[in-house]
Structure formats: structure tokens, C-alpha cells
Amino acid sequence: VWVDGSVAAGLDARVAALDHGLTVGDGVFETLRVARGRPVLWGRHLRRLHHGLRTMGLVDPDDEQAVADLDRRLREGVRAVLSRRGDPDARVRLTVTSGAGPLGPRRGPGPLTLVVAAAHHDPPPEAITACTVRWTRNERGALAGVKSTSYGEGVVLLDHAARVGADEAILADTT
């Protein structure tokens, strides 16, 4: 795991206890596959990460230098974690949070926290089972289309699926 320029083994990596990504889910993430040592669809994942960062107001889209610096640092993190792995195939998660902040919903002054983690990549299963759920997703919500670190809903959905013997949950949107 690479956190803001420092590499540590898995559970030894540290993020501040008052990081806003931890306390209120104020951050975004992308998970991508690495095959033969190279990130797959890097540009597509980076564009979706940028979309989430802009939507959440974590980067100024007009500050090209800040965005380029963020991209450079994330690439540095990917190189650092991949260089320490013996396996050229992996799953990499990029996480960007608003950094340290107060316990409430207002953001602190920054800087952003950047985390890059690598893990074993299991091949996709040949088949899965899915269940429907009683909940709906609001496709017009403030975070629609953003992979935010506020992923509690996804955890609840997958937990429900597991309890009924399914691998995935399918939920309707409000329309």
C-alpha cells in the first residue's frame, strides 16, 4: 500500500484517523486490473476518477497543473506498489480523499490523501447468481455515477445477497 508517497505492507499502512474519507466518506476510488505488469484501461479509469473528483468538488477542473500533479502522484503510487509485487497480475485500487477534516460534514483545508493499494487479482467466475432487493437507487442524487468512498450502500447490498445465497444484488432506480 502506498499512502502519500510512503509504502507499507498491507495492514501497516496508515491514514489519519480524522481523514474525511474515513469519517464521512468524502472521497472517490477506482479499482483496475493490472495484467502483465500494466494497468488495464488506465485512461478510462482515470477519467472516471476525475469525474468523481470534480463532482465532489475535490479538484478544481480548471487547475490543469493540480490535476496533472495528482495524476503524476497516482502513477508514482502504482509503480511503487507494483514494483514490490512478485506477481505481474493484480488488482489496484486508487483512493483520493479530501484529507484530514473535522468530525462533521464540513471539509478541512486539505491536502488530499492519496492511497494506492495492490492485491491479488482473482479471475472472474464463470457464472454468478443475483437477487433483487427492495431498495432503490436515486439516479438523480448528488453522487449519481460517482464511485465515492461512501460505499456503505454497496456493502449492505452485497451482505443481503450473501444472506440469501446470491453473489450480487440488483436494485432498481427511482424511475
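By "contact" I mean heavy atoms within 4.5 Å. I'm also keeping in mind that this is a predicted model.

**Entry 1: T95**

I started with T95, which sits in strand β5, residues 90-97. What is T95 in contact with, leaving aside its neighbours within four places in sequence? I found V28, F29, T113, L114, V115 and T149. I then looked up how covered T95 is: its relative accessibility is 11%, and since buried means under 20%, T95 counts as buried. Its side chain also has a polar contact of 3.0 Å with the side chain of R93.

**Entry 2: T97**

Next I went to T97, also found in strand β5. Buried or exposed? T97 is buried, with a relative accessible area of 7%. The side chain of T97 makes a polar contact with that of D19, at 2.7 Å. D19 turns up again in the contact list of T97, where I also noted G21, D26, G27, L112 and T113; neighbours within four places in sequence are left aside there.

**Entry 3: helix α2**

I moved on to α2, which runs over residues 42-55. Then I listed the buried residues of α2, and they are W42, H45, L46, L49, H50, G52 and L53. Why do they line one face of the helix? Looking down the axis of α2, I see the buried residues fall within an arc of 160 degrees, so they line one face. I jotted down the background too: an α-helix has 3.6 residues a turn, so residues three or four places apart point the same way.

What do the buried residues of α2 pack against? My list reads β3 (27-35), β4 (38-39), α3 (64-83) and β5. On the face turned away from the buried side, I found the exposed residues R44 and R47. Just after α2 comes G57, which takes a positive phi of about 75 degrees.

**Entry 4: helix α4**

α4 has twelve residues and reaches 17 Å from its first C-alpha to its last, close to the 16 Å expected. Which residues of α4 are buried? I got G154, L157, H160 and A161. These cover an arc of only 125 degrees around the axis, which puts them on the same side of α4. What covers the buried residues of α4 includes β7 (130-137) and β8. The face turned away from the buried side carries V155, A162 and R163, which are exposed. After α4 I came to G165, whose phi is positive, near 85 degrees.

**Entry 5: the largest pocket**

I looked up the largest pocket and wrote down a volume of about 680 Å³. How many residues line the largest pocket? There are 20, and R137, Y151, E153, G154 and L157 lie nearest the centre. The elements giving two or more residues to this lining are α4 (152-163) and β8 (168-173). α4 gives the most, with four residues.

**Entry 6: A9**

Last stop was A9, in the loop between β2 (6-7) and α1 (20-23). At 54% relative accessibility, A9 counts as exposed, because the cut-off for exposed is over 50%. I also checked A9 against W135, 126 residues apart along the chain: their C-alpha atoms are separated by 38 Å.

Definitions and conventions: Residues are numbered from 1 along each chain as its sequence is written. This is a predicted model: local features need pLDDT of at least 70, side-chain atom pairs count only at pLDDT 80 or more; totals for chains, interfaces and linings use all residues. Side-chain values use heavy atoms; hydrogens and water are left out. Buried means under 20% relative accessible area, exposed over 50%, partly exposed in between (1.4 Å probe, protein chains only). A polar contact is a pair of N or O atoms within 3.5 Å; within protein, one must be able to donate a hydrogen and the other to accept it, and residues adjacent in sequence count only if both atoms are side-chain atoms. The expected span of a helix is 1.5 Å times one less than its number of residues. The arc is that of the directions from the helix axis to the C-beta atoms. On a 1 Å grid over the protein atoms alone, a cavity is a set of points where a 1.4 Å probe fits but cannot get out, and a pocket is an open set with protein on both sides within 12 Å along at least five of seven lines; lining residues have an atom within 4 Å of a point. Grid points are joined across faces, edges and corners, and a volume is the space filled by probe spheres set on the points.
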